[in-house]
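Here is a short report on how one protein chain is put together. Please keep the structure open while reading.

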Amino acid sequence: EIHIKEPIEKEVNPRLLPGELLLCEASTVYKYMQEDGSNRGTYGKLVCTNFKISFLDDDSASDDNEPQFKNNIVGENDITLQCVDQIYGVYDEKKKLLTGQLRKYPEKLIIYCKDLRVFNFCLRYTKEEEVKRIVSGIVHHSQTPKLLKRLFLFSYASAAPNNTAGRNQTVMFETLEDWRDELERTKGNVKYKAVTTNEGYRVSEKLPLYFVVPICISEESILKYEGRGIPIWCWSCHNGAALLKMSAFPKEQDDSTLQMQKAFLDGIYKTISKPPYELLKMDDLSSSLPSLQDIQTAYTRFKQLFLIDNSTDFWATDVKWFSLLESTNWLEIIRKVLKKAIEVVECLEIQHTNVLLIEESATDLCCVISSLVQVMMDSYSRTKSGFQSLIQKEWVIGGHGFLDRCNHLHKSEKEEAPVFLLLLNCVWQLVQQYPPAFEFTETYLTVLSDSLYVPIFSTFFFNSQHQRDTNKSGESLKTQSGPFRFLTVWDWSVQFDPKAQAFLNNPLYAEKPKPDKSQRKTARFKHQRQLSLPLTQAKPSTKRGFFREETDHLIKNILGKRIGKFINSSDEPPNSLREFYDSWHSKPVDYHGLLLPCIDGPEIKVWAQRYLRWIPEAQLHGGGTIATAAKILDLMEEVQSLQVKMDEEHSQAVSGGVHSVPMLRNSARLSSLFPFALLQRQSVKPALPTSTWKDLEDEDDLVKRDDEFVDLSGDML
């Protein structure tokens, strides 16, 4: 039973951001806890603003027991309007999806979020008028189509004070100099040039203001088909081979147009493909990778496994977890994408061949593959600022349609596809396989995925640079009329204070040693050798998994055969990819050289921190990777304090390169999903055991044992 408590005497008001307006509210709303089938929970006020839906209880007013990892913009009980996935109403114990106008109002509200949180609100004890206002308000503001200028992004930009924070190290790629610097960094300026042809967006509104093309491409060629059919530079390898992308021509056209376009493409290819010195491999990603619709379908099925209403549902799905997981096909898509990236790496690194990625718009799967290739081949992209610059270059300025793919405006579900999330999932596989190679942590990737739905940053809320630039003009409330000053998501101080930001940095990152001037030449030579295939043939792995098509006799035939520098891709041995993959994995890992992910069998894992963080039953108290990390961090803290003492004794300044280490006291009480999981939550036995659980209970008393760490009222979070 639910026992009605006295209404809250203390008035709790929402904390509003600049430009945020309170639209509707309801008192005496009961928020259920998600742990079990019981009706435990807390009373409070449910409010809806033009930015978020928020639940306010007694704890909201106090600053006691604040979590160590706290977001300054979105609290634990806040849901931004863009983060709302689906809303269900419960009528007489039956769930019904709520959209548009409502004739009857529910007694219970269930909100499913895109970051996989689930909120259950009971409205049975709320006044009828307030129920009507809050339910219709939440449904209208989070589910109905809206205009771009109605996003909270513009309200915040016009009302927030124009205090521009100090520029971080992220390269924004908004100027010609940024592109020229990147060309120089990758030594690509010998064969490629940054062009200003699209100034004023006279070539295409989909292309960025500045981009890089092969030196031999003329301005007339770029202008001819609005940038279609033009190879656009992404990155250059240390050996001179380059990764390019190209927007394809529409397939359905009349014969004369097709002939003209074919002749145009032939001319372009001849300028960049000059065998045997300059080879080119073309890869049409629309035919070699799953479609965006397949990706969307797989992710929709996949996320259902984690949107758990209650403990009973969790235990019911637990017994068939692996078959359900496999049926979603999400991990298989991640595997295919990583394999494609390895294929491209092999062409660039071993065959010294330029690779041209082709896609209809070159702004979806092209972004995924080009980003992964750079993360795998370029150690700079594995630093925090380097990775952010990569996202800025390939996705934000590159023209990925965040507005459509995330469906921020609820215009069309047909355009929706989790392409950027797919990239983060792939990068996470690399991060968890090779932690010392990355300056950032999986927590960084998790909060980056959450930031997709926080509309105070412009980073993920436009389809192109043109759309952002044309919507920049507006009137500010604080100052005279002028352009909006949008925030960038890369300024992490907006969301997190310095202590919380420490969780985004990897204290175990193996920083690249800076060689002495006398050793610079030899060090460079060594670095290049480590990137390359060894001269002695490594013994091929006996593993079989993803590369099933290879047979033993083919592997034996290829043993000892050197791969020539100017090999033609058509003569490529069928198992050269497997040979390259096995050969790399047979050597010690160079964390500053090439990284290849393990993609065989169970090596592709579920990103537990992101997908399981709100499910108490999935947490291991005092276990998981955080327990190991906590011990290492304690040791590092001790080393740092000793270093400070030594420096003080020698009257020297403390080294500035030391990472700030977050304090993780009493690791036995930490959840394996720290820093997101709350310590006071605990896994409990199902309220209504399934038949399978009954069988298990008869055989073993494991289920009946109490958790060793049930007393979790620590002061960590």
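## Reading the angles

Helix axes here are lines fitted to C-alpha atoms over the stretch in contact, and angles run from 0 to 180 degrees between N-to-C directions. The model is predicted.

## The chain as a whole

The protein chain has 24 helices and 16 strands. Of its 717 residues, 53% count as buried. The exposed surface comes to about 34,600 Å². Carbon and sulfur atoms supply 51% of that area.

Residues 24 or more positions apart account for 73% of them.

## Helix α15 and its two partners

Start with α11 (residues 330–349). Helix α11 packs against α15 with the axes 10 Å apart and an angle of about 75°. Angles of 65 to 115 degrees count as roughly perpendicular, so α11 and α15 fall in that class. On the α11 side, Trp330, Ile333, Ile334, Val337 and Leu338 make the contact. From α15 come Leu422, Asn425, Cys426 and Gln429. By type, the residues of this contact are seven nonpolar, two polar and no charged.

Now turn to α16. Helix α15 (residues 419–433) and helix α16 (residues 442–450) have axes that come within 10 Å and cross at roughly 175°. Angles over 145 degrees count as roughly antiparallel, and α15 and α16 are therefore roughly antiparallel to each other. Here α15 contributes Phe420, Leu421, Leu424, Val427, Trp428 and Val431. Helix α16 answers with Glu442, Leu445, Leu448 and Ser449. The contact of α15 with α16 divides into eight nonpolar residues, one polar and one charged.

## An open sheet of eight strands

Which order do the strands of the open sheet follow? The order is β4-β3-β2-β1-β8-β7-β5-β6, and the pairing is antiparallel. At the edges stand β4 (78–80) and β6 (94–97). Each has a single partner strand, so one side of each is left without a neighbour in the sheet. Direction ignored, neighbouring strands are turned by 30° against each other on average.

Strand β5 (residues 84–91) pairs with β6 in the antiparallel sense over four bridges. Gly89 has Lys96 in β6 as its bridge partner.

## A helix on the sheet

Helix α2 (residues 128–143) packs on this sheet. It touches β1 (22–32), β2 (41–49), β3 (52–56), β5 and β7 (108–113). The direction of α2 makes about 110° with that of β1.

Note on methods:
Residues numbered from 1 in each chain as written. Predicted model: local features only at pLDDT ≥ 70, side-chain atom pairs only at ≥ 80, totals over all residues. Heavy atoms only, no water. Helix = DSSP H or I, 4+ residues; strand = E, 2+ residues; numbered from the N terminus. Parallel < 35°, antiparallel > 145°, perpendicular 65-115°, else oblique. Contact = heavy atoms within 4.5 Å. Nonpolar A, V, L, I, M, F, W, Y, C, P; charged D, E, K, R; others polar. Pairing = 2+ DSSP bridges. Buried < 20%, exposed > 50% of the residue type's maximum accessible area, 1.4 Å probe, protein only. Areas by Shrake-Rupley, 256 points an atom, 1.4 Å probe, with all protein chains shown as cover.
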